[in-house]
Structure formats: structure tokens, C-alpha cells
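Colleague: I have a new model open and have not looked at it before. Can you walk me through it?

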Amino acid sequence: MTELWDYTKNEFIQSLENIGIVKGDTIFTHVGYGLLGKPKDCITNNQICKMILDSFLSVLGNKGTLLVPTYTYS
């Protein structure tokens with residue numbers, strides 16, 4: 001049975017393009033990836049993170065910039 005939130009990498013890329021992100025853009029994003037649902041063919045947290053990062057970088061191209069805040073609670 002397919003879960004409601006399943007999506008493919010290509011669907012995620014298409015969604016990024018649909019909101020107007022193009023090659024060469026600079027974007028700032030932050031989200032708990034759990035809120036994005038469960039991508040198809042991603043089982044581990046590392047696979048999910050890699051799919052999301054690869055998708056952003058694919059849409060932004062070599063001249064684009066992805067800004068992501070990082071921090072730790074410790």
C-alpha cells in the first residue's frame with residue numbers, strides 16, 4: 001500500500017521548479033525534513049537527506065547557492 005506522502009526525487013525536483021527556483025538562484029531554506037513526508041526509495045535518514053540535498057543542487061546548478069542554517073542543541 002502506498003502512503004499518502006510518498007513522492008519521488010523527480011516529483012520533488014518538479015515541485016522546486018514549480019515554485020520558481022531556477023539555475024543560478026540563491027535560496028535560503030530550513031525545515032524539519034520529516035514535515036516533507038516520506039520519499040519513495042529512501043529508507044534511512046541519510047538517504048532522505050541526500051535525496052533532498054541532491055534535488056536542490058540539481059535545480060540550482062553549479063552557480064546556484066543553497067543556504068541552510070545549522071546548529072546543535074548541545
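Predicted model: local features only at pLDDT ≥ 70, side-chain atom pairs only at ≥ 80, totals over all residues.

Colleague: Fine. How many helices and strands does the chain have?

Modeller: Two helices and two strands. From the N terminus on, the order is α-β-α-β. Helices (H or I, at least four residues) and strands (E, at least two) are DSSP runs, numbered from the N terminus.

Colleague: And what box do the C-alpha atoms fill?

Modeller: Roughly 40 × 35 × 15 Å, taken along the principal axes.

Colleague: How much of the chain is buried?

Modeller: Buried residues are 22% of the 74 in the chain. Buried means under 20% relative accessible area, exposed means over 50%, and partly exposed is in between (1.4 Å probe, protein chains only).

Colleague: What share of the contacts comes from residues 24 or more positions apart?

Modeller: Among contacts with a separation of 6 or more, 81%. Contact means heavy atoms within 4.5 Å.

Colleague: Now the inside. Which residues have the most contacts in the largest nonpolar core?

Modeller: Phe12, Leu16, Ile21, Met51, Ile52 and Phe56, in a core of 13 residues. Both α1 and α2 supply at least two residues of this core, and α2 gives the most, with six. A nonpolar core is a set of buried Ala, Val, Leu, Ile, Met, Phe, Trp, Tyr and Cys residues joined through side-chain atoms within 4.5 Å. In soluble globular proteins, nonpolar side chains tend to be buried together.

Colleague: Pick Ile21. Where is it, and what does it touch?

Modeller: Ile21 is in the loop between α1 and β1. Its relative accessibility is 11%, so Ile21 counts as buried. Leaving aside neighbours within four places in sequence, Ile21 is in contact with Leu16, Ile27, Phe56, Val59 and Leu60. Ile21 and Val59 are 38 residues apart along the chain, and their C-alpha atoms are separated by 7.0 Å.

Colleague: On to the rings. How many aromatic pairs are there?

Modeller: Three. Rings of Phe, Tyr and Trp (its six-membered ring) pair if their centres lie within 6.5 Å; planes under 30 degrees apart count as stacked, over 60 as edge-to-face and the rest as tilted. Tyr7 and Phe12 have ring centres 5.9 Å apart and planes at 25°, so that pair is stacked. Tyr71 and Tyr73 have ring centres 5.4 Å apart and planes at 90°, so that pair is edge-to-face.

Colleague: Which of those residues are buried and which are exposed?

Modeller: Tyr7 is buried at a relative accessible area of 11%, and Phe12 is buried at 11% as well. Tyr71 and Tyr73 are both exposed.

Colleague: Which residues do ring pairs link into a cluster?

Modeller: Tyr7, Phe12 and Phe56.

Colleague: Change of topic. What is the volume of the largest pocket?

Modeller: About 440 Å³. It is lined by 17 residues, and those closest to its centre are Thr29, His30, Val31, Ile52 and Val68. On a 1 Å grid over the protein atoms alone, a pocket is an open set of points where a 1.4 Å probe fits, with protein on both sides within 12 Å along at least five of seven lines; lining residues have an atom within 4 Å of a point. Grid points are joined across faces, edges and corners, and the volume is the space filled by probe spheres set on the points.

Colleague: What is the lining made of, by class?

Modeller: 13 nonpolar, four polar and no charged residues. Ala, Val, Leu, Ile, Met, Phe, Trp, Tyr, Cys and Pro count as nonpolar, Asp, Glu, Lys and Arg as charged, and the others, Gly among them, as polar. α2 gives the most to this lining, with four residues.

Colleague: And His30, buried or exposed?

Modeller: Exposed, at 57% relative accessibility. His30 lies in the loop between β1 and α2.

Colleague: Last one. What about the phi of Asp41?

Modeller: It is positive, about 65°, although Asp41 is not a glycine. Asp41 is in the loop between β1 (26-28) and α2, and is exposed at a relative accessible area of 74%.

Note on methods: Residues numbered from 1 in each chain as written. Heavy atoms only, no water.
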